[in-house]
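Please have the sequence and the structure at hand.

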Amino acid sequence: MKLEINKIVTLGNGEDYLIIDKVDKDDKEYYYVAQVNADETGIEDNYKIVCATYKDGEIYLDEVLGEDKLKSILPMFVKE
């Protein structure tokens, strides 16, 4: 499976998220995602930044937590 912008992914908690944007930093892929509503016709007001980890042919998405980490990654998603 390949992660692409405008595709829906299901996180480990069973919630569906739409991939809005992607950036690369320090050989890692970061994605800005928005939670999809129950009928998949729009998005909720719930956004996350997740980091992709590839292991044994699987993709794992871990939410980026912590103020310092978010401060270093979030500005990369802001388009000038």
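In which strand is the place of tyrosine 47? Tyrosine 47 is in strand 4, residues 43-55; strands (E, at least two residues) and helices (H or I, at least four) are DSSP runs numbered from the N terminus. This is a predicted model, in which local features need pLDDT of at least 70, side-chain atom pairs count only at pLDDT 80 or more, and totals for chains, interfaces and linings use all residues. Residues are numbered from 1 along each chain as its sequence is written, and side-chain values use heavy atoms, with hydrogens and water left out.

**Strand pairing**
- Strand 4 pairs with strand 5 (residues 58-63) in the antiparallel sense over six bridges; pairing requires at least two DSSP bridges between two strands.
- The two residues between strand 4 and strand 5 complete a hairpin, and aspartate 56 in the turn has a positive phi of about 50°.
- Glutamate 58 in strand 5 is the bridge partner of lysine 55.

**Salt bridges**
- The count is three salt bridges, each a side-chain nitrogen of Lys or Arg within 4 Å of a carboxyl oxygen of Asp or Glu.
- Glutamate 63 and lysine 48 meet at 3.5 Å, N to O. Glutamate 63 lies in strand 5 and lysine 48 in strand 4, so this pair ties together parts 15 residues apart in sequence.
- Lysine 48 is buried at 15% relative accessibility; buried means under 20%, exposed over 50%, and partly exposed in between (1.4 Å probe, protein chains only).
- Glutamate 67 and lysine 71 form a salt bridge at 2.9 Å, N to O, and both lie in helix 1 (residues 67-73).
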